[in-house]
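Q: I have this one open on my screen and want to get oriented. Can we walk through the fold?

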Amino acid sequence: MKKTIKTIIDKIKSSKTFLVTAHMNLEGDALGSELSMYGLLRKLGKKVIVCNNDPTPQIYEFLPYTKVIKNDLKNETFDVAMVLDCSDPFRTGKIKDYLPRAKCIINIDHHISNTYFGDLNWVDAKASSACQILYTLCEKMGVMDKKIALCLYTGIFTDSGNFTYESTSEQTHKIVSTLMRYDIKPHRIYGQLHSLCFPQDLKFIGSIISFLKFDPQGKVCWSTIKVWEEKDYDLTEVIFSAMRLLKGVEVFILFKKVAPGKIRVNFRSRAVVDVNRIAQFFGGGGHKRASGTTIDGTLEGVENKVITFVKRSTNKLKS
Ligand SMILES: [Mn+2]
């Protein structure tokens, strides 16, 4: 790994033009990684284009450099494409088609399901976030400033579940304490990202919570949502944090009908069950404690199939 990191640093130093992208359905870690990478590369005098499949959600507009993000390219070519926080090229959406325009693809990620699709791959599944890996890169390259620190902090903060997930380590807190020197205001970032619901959203969440289902052992909890509209902010995490309040439950699942015949399934686990493995069985992936997939079928059909499989995986758990 040490050798790979050195090769990546040398590649960055010797290259001039960069494309930077991340996974679709942008959130704090994807944007934090891209924008801190933008800051780093600009400081080194490189030419950089950040390009995403999706528009930037409004709640992240407090991050520096969001105005430079594009959603399309002309006919630019690149020395390097930096793909961040992304387990495979398909997760970048349409940006995948631009990647062959780069002479070299650098893949920096923390998903355990990463397919090592880059020419150079820096994958650390133990890291709380891609931003935590990017901090190490910035540190090794001797580059840091207030803007980069804000991007990195936001990515680490959001992807570690506000420092509550198992992936939050001594290293995570050490990094954060260093970033705090750059005038980070956690209460403001928390407010930006978490005081965002309208009354109708809370009522909608309430309706999902009131129809929660459980397996007989009380280890698995799930809900099905007949109509799911993507909002500018992520209600999924809000619903999961309410579900996490349940004592003794290990696996949390949401089934969302996102289009006719298309069911998005999100998985979370508390401490034991590897939900990356479950999502991979159904064609998706992610992390051990957070993963997802999209399955063709009816809400009921997908629910039955997935719950049967999950029950089998959790049967061995002691009650
Ligand atoms: Mn991430």
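**The sheet and its helices**

A: This is a predicted model. Its 5 strands form an open sheet in the order 2-1-3-4-5, with parallel pairing.

Q: Which strands stand at the edges?

A: Strand 2 (47–50) and strand 5 (120–123). Each has a single partner strand, so one side of each is left without a neighbour in the sheet.

Q: What does the twist average from one strand to the next?

A: The average is 20 degrees.

Q: OK, and which helix packs on the sheet at strand 1, strand 2 and strand 3?

A: Helix 2 (residues 28–43) touches those three strands. Its direction makes about 165 degrees with that of strand 1 (17–22).

Q: What about helix 3, which strands does it lie across?

A: Helix 3 (residues 130–141) lies across strand 3, strand 4 and strand 5. Relative to strand 4, helix 3 runs at about 115 degrees.

Q: Different topic. At what angle do helix 4 and helix 5 pack?

A: Helix 4 (residues 146–159) packs against helix 5 (residues 170–179) at about 150 degrees, and their axes are 10 Å apart. An angle over 145 degrees counts as roughly antiparallel, so that is the arrangement of helix 4 and helix 5.

Q: Is the crossing of helix 4 and helix 5 left-handed or right-handed?

A: Left-handed.

Q: Which residues meet there, helix 4 to helix 5?

A: From helix 4, Ala149, Leu152, Tyr153 and Ile156. From helix 5, Thr172, Ile175, Val176 and Leu179. The residues of this contact divide into 7 nonpolar, 1 polar and no charged.

Q: Now cysteine 131. Where is it?

A: Cysteine 131 is in helix 3.

Q: Buried or exposed?

A: Cysteine 131 is buried, because it has 34 C-beta neighbours inside 10 Å and 20 or more is enough to count as buried.

Q: What is cysteine 131 in contact with, leaving aside neighbours within four places in sequence?

A: Asp29, Gly32, Ser33, Ser36, Leu152, Gly155 and Ile156.

Note on methods
Residues numbered from 1 in each chain as written. Predicted model: local features only at pLDDT ≥ 70, side-chain atom pairs only at ≥ 80, totals over all residues. Pairing = 2+ DSSP bridges. Helix = DSSP H or I, 4+ residues; strand = E, 2+ residues; numbered from the N terminus. Axes fitted to C-alpha atoms, helices over the stretch in contact; angles between N-to-C directions. Contact = placed C-beta atoms within 7 Å. Parallel < 35°, antiparallel > 145°, perpendicular 65-115°, else oblique. Left-handed = near helix turned anticlockwise from the far one by under 90°. Nonpolar A, V, L, I, M, F, W, Y, C, P; charged D, E, K, R; others polar. Buried ≥ 20, exposed ≤ 12 C-beta atoms within 10 Å, placed from the backbone.
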